[in-house]
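Trainee: Please take a close look at one part of this structure and tell me how that part sits against the rest.

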Amino acid sequence: MFVTFEGVEGSGKSTQMARLRAALEAAGRTVCLTRQPGGCALGQTLRGILLSQKTAGLDDRAELFLYLADRAQHVAEVIRPALAAGAVVVCDRYTDSTVAYQGYGRGLDTTLLQTLNAVAAAGFVPDLTLLLDLDPAVGLTRATSRNAAAGTAEAEGRFEAERLEFHERVRQGYRALAAAEPTRFAVIDAAPGPDAVAEAIWRVVAARL
Ligand code: TMP
């Protein structure tokens with residue numbers, strides 16, 4: 001089973017992924033918890049470039065192809081083998097991030113992005129995508145204070161530094177994607193506390209196991 005998490009900055013994906021891993025393992029499942037960008041060695045290098053505030057003037061299309069390169073390598077090296085071994089793969093961000101951020105956020109053509117995603121993902125489509133839906137103003141406040149506390153504002157903060165309008169478009173993009181594929185997507189309200197969100201997620205996942 002292939003599960004992806006999506007959402008705006010600060011929507012609580014990392015916390016909820018750890019909670020889901022624990023619940024799945026308690027249910028006897030082997031779990032591969034991973035992420036894009038950065039779930040393999042090449043991806044770690046690309047993540048450093050993509051998220052650093054020191055990366056100035058990155059062209060939108062260059063940014064796109066770096067995310068796609070990360071995806072292609074990560075599918076080949078991590079996702080495909082883990083699924084073949086029978087693990088539940090839980091991935092932090094995947095193809096929908098590209099459509100939401102590079103499409104709705106940056107303004108690149110979303111139909112073209114879907115085609116390029118299909119190439120990079122080599123046909124691996126998530127069985128379930130959990131969209132943690134949150135007001136980006138709330139999420140950005142959370143993400144910015146998390147980065148400040150962890151000392152990662154410069155290394156990981158390039159998208160947090162985007163204007164609120166950018167993140168509003170990303171959220172609308174996610175909602176449009178979820179509306180277009182209601183079977184694959186589950187939209188989870190990420191505003192309540194972590195326990196309530198974890199319960200909502202587990203209800204959805206357990207029903208599909
Ligand atoms: P995160 O791992 O902390 O969520 O950060 C990843 C950032 O990269 C986040 O701001 C969203 C962005 N991103 C894209 O713009 N396009 C993509 O295809 C992916 C996977 C992430």
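Mentor: Helices (H or I, at least four residues) and strands (E, at least two) are DSSP runs, numbered from the N terminus. The model is predicted, so to speak of local features requires pLDDT of at least 70, and side-chain atom pairs count only at pLDDT 80 or more, while totals for chains, interfaces and linings use all residues. Residues are numbered from 1 along each chain as its sequence is written, and side-chain values use heavy atoms, with hydrogens and water left out.

Next comes burial. A residue is buried under 20% relative accessible area, exposed over 50%, and partly exposed in between (1.4 Å probe, protein chains only). In α9 the buried residues are Val197, Ala198, Ala200, Ile201 and Val205. Viewed down the helix axis, they fall within an arc of 160 degrees, so they line one face of α9; the arc is that of the directions from the helix axis to the C-beta atoms. Arg203 and Ala207, on the other side of α9, are exposed.

What lies over the buried face? The cover includes strand β1 (2-7), helix α1 (13-26), and strands β4 and β5 (185-189). Contact here means heavy atoms within 4.5 Å. Leu20 shows the packing from the other direction: leaving aside neighbours within four places in sequence, Leu20 is in contact with Ile201, Trp202 and Val205, and also with Phe5, Val90 and Leu130.

Ile201 also belongs to the largest nonpolar core, which has 40 residues. Such a core is a set of buried Ala, Val, Leu, Ile, Met, Phe, Trp, Tyr and Cys residues joined through side-chain atoms within 4.5 Å. Phe5, Leu20, Val90, Leu130 and Ile201 are the members that touch the most others. The largest share of this core, five residues, comes from helix α8 (residues 164-180). In soluble globular proteins, nonpolar side chains tend to be buried together.

Finally, the setting. The protein has nine helices and five strands, in the order β-α-β-α-α-β-α-α-β-α-α-α-β-α along the sequence. Buried residues make up 47% of its 209 residues.
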